[in-house]
Amino acid sequence: MANQLAVMVFRACATVLLALLIVSSLGALAADEKPPPPTCPVCSHVIAPADSVVVTDFRAPKDTTYCGLFCALKQMAEKYPASRAIAHSPISGNEVRIIRTGARWAIVPTTAVFLILDDPQLPPAQRWRVFDRQARYIQFLSLHRELLKYKPRPTRLPQVIRLLTPPKVGAHP
Ligand SMILES: [Zn+2]
């Protein structure tokens with residue numbers, strides 16, 4: 001009888017101890033577990049909020065965030081015939097919208113200018129940027145003179161679209 005009681009007490013103690021252990025380990029997990037920083041679905045780089053570009057696919061409809069314009073516009077050209085990208089101009093923080101409707105592309109504001117740095121060694125987020133107007137583009141380059149070595153030129157949307165959709169060589173002999 002005393003033996004049985006001892007076994008019951010032991011089991012009860014063991015159960016409580018186990019429960020306590022589980023609860024404390026869960027607590028430790030929750031304390032350590034910060035959500036991982038968001039990464040770009042194209043290049044897997046961590047997305048910096050200032051460079052992030054959100055693309056809305058109007059067919060889904062679905063929003064996807066990319067590390068920057070380079071990855072975002074490439075995805076729009078390849079996958080989303082009815083879509084819109086929202087970027088923010090460095091310096092002013094103003095919104096720039098790029099809209100694709102099939103083969104037609106548009107930009108708002110129409111004064112927007114791209115800075116294209118043609119170097120695959122650069123992180124994608126730094127390769128393409130868009131400014132709401134040319135004055136911001138010039139201001140940005142004067143603050144980042146190290147970029148002048150790429151000999152950048154202010155680039156408008158039609159030229160950027162040509163970079164995204166190069167003519168298919170040899171498709172029609
Ligand atoms: Zn990316």
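Me: In which strand does aspartate 63 lie?
Reply: The model discussed here is a predicted one. Leaving aside its neighbours within four places in sequence, aspartate 63 is in contact with Val54 and Thr56. The element in which aspartate 63 itself lies is strand β2.

Me: How many Å apart in space are aspartate 63 and alanine 85, C-alpha to C-alpha?
Reply: In sequence, aspartate 63 and alanine 85 are 22 residues apart. Their separation in space, taken from C-alpha to C-alpha, is 9.4 Å.

Me: What is the strand order of the open sheet of five strands?
Reply: Strands of a sheet pair through backbone hydrogen bonds, either parallel or antiparallel. In the open sheet of five strands the pairing is antiparallel, and the order is β2-β1-β3-β4-β5.

Me: Which strands stand at the edges of this sheet, each with a single partner strand?
Reply: The twist of the sheet averages 20° from one strand to the next. A strand with a single partner has one side left without a neighbour in the sheet, and the strands at the edges, for which this is so, are β2 and β5.

Me: Over how many bridges do β1 and β2 pair?
Reply: A hairpin joins β1 to β2 through four residues. One of the bridges between them has aspartate 57 with lysine 62 in β2 as its partner. The two strands pair in the antiparallel sense, and the number of bridges is five.

Me: Which residue of β3 is the bridge partner of threonine 56?
Reply: Strand β3 (residues 82–88) runs antiparallel to β1, and four bridges join the two. Aspartate 57 stands opposite serine 83 in β3. For threonine 56, the bridge partner in β3 is arginine 84.

Me: Which element gives the most residues to the largest nonpolar core?
Reply: This core has 28 residues, of which Leu69, Ala72, Leu73 and Ala85 touch the most other members. The elements that give two or more residues to the core are β1, α2 (69–79), β3, β4 (95–101), β6 and β7 (128–131). With six residues, the element that gives the most is α2.

Me: With which residues is alanine 72 in contact, leaving aside its neighbours within four places in sequence?
Reply: Alanine 72 is among the residues that touch the most other members of the largest nonpolar core. A contact requires that two C-beta atoms, placed from the backbone, lie within 7 Å. With its neighbours within four places in sequence left aside, the contacts of alanine 72 are Val53, Val55, Tyr66 and Ala85.

Me: Near what omega is the cis peptide bond from alanine 60 to proline 61?
Reply: Most residues other than glycine have a negative phi, and most peptide bonds are trans. Proline 61 has its place in the loop between β1 (53–57) and β2 (62–66). The bond from alanine 60 to proline 61 is cis, with omega near -20°.

Me: Where does proline 109 lie?
Reply: The peptide bond from valine 108 to proline 109 is cis, with omega near 0°. Proline 109 lies in the loop between β5 (104–108) and β6 (113–116).

Me: Near what value is phi of serine 44?
Reply: Serine 44 has its place in the loop between α1 (2–32) and β1. With 10 other C-beta atoms within 10 Å, serine 44 is exposed. Phi of serine 44 is positive, in a residue other than glycine, and is near 70°.

Me: Does lysine 151 count as buried or exposed?
Reply: Lysine 151 is found in the loop between α4 (134–143) and α5 (157–164), and its phi is positive, near 50°. Since 8 C-beta neighbours lie inside 10 Å, lysine 151 counts as exposed.

Me: What percentage of the 173 residues in the protein is buried?
Reply: The protein has five helices and seven strands. Residues 24 or more positions apart account for 49% of the contacts with a separation of 6 or more. Of the 173 residues in the protein, buried residues make up 23%.

Note on methods: Residues numbered from 1 in each chain as written. Predicted model: local features only at pLDDT ≥ 70, side-chain atom pairs only at ≥ 80, totals over all residues. Buried ≥ 20, exposed ≤ 12 C-beta atoms within 10 Å, placed from the backbone. Pairing = 2+ DSSP bridges. Axes fitted to C-alpha atoms, helices over the stretch in contact; angles between N-to-C directions. Core = buried A, V, L, I, M, F, W, Y, C linked by C-beta atoms within 7 Å.
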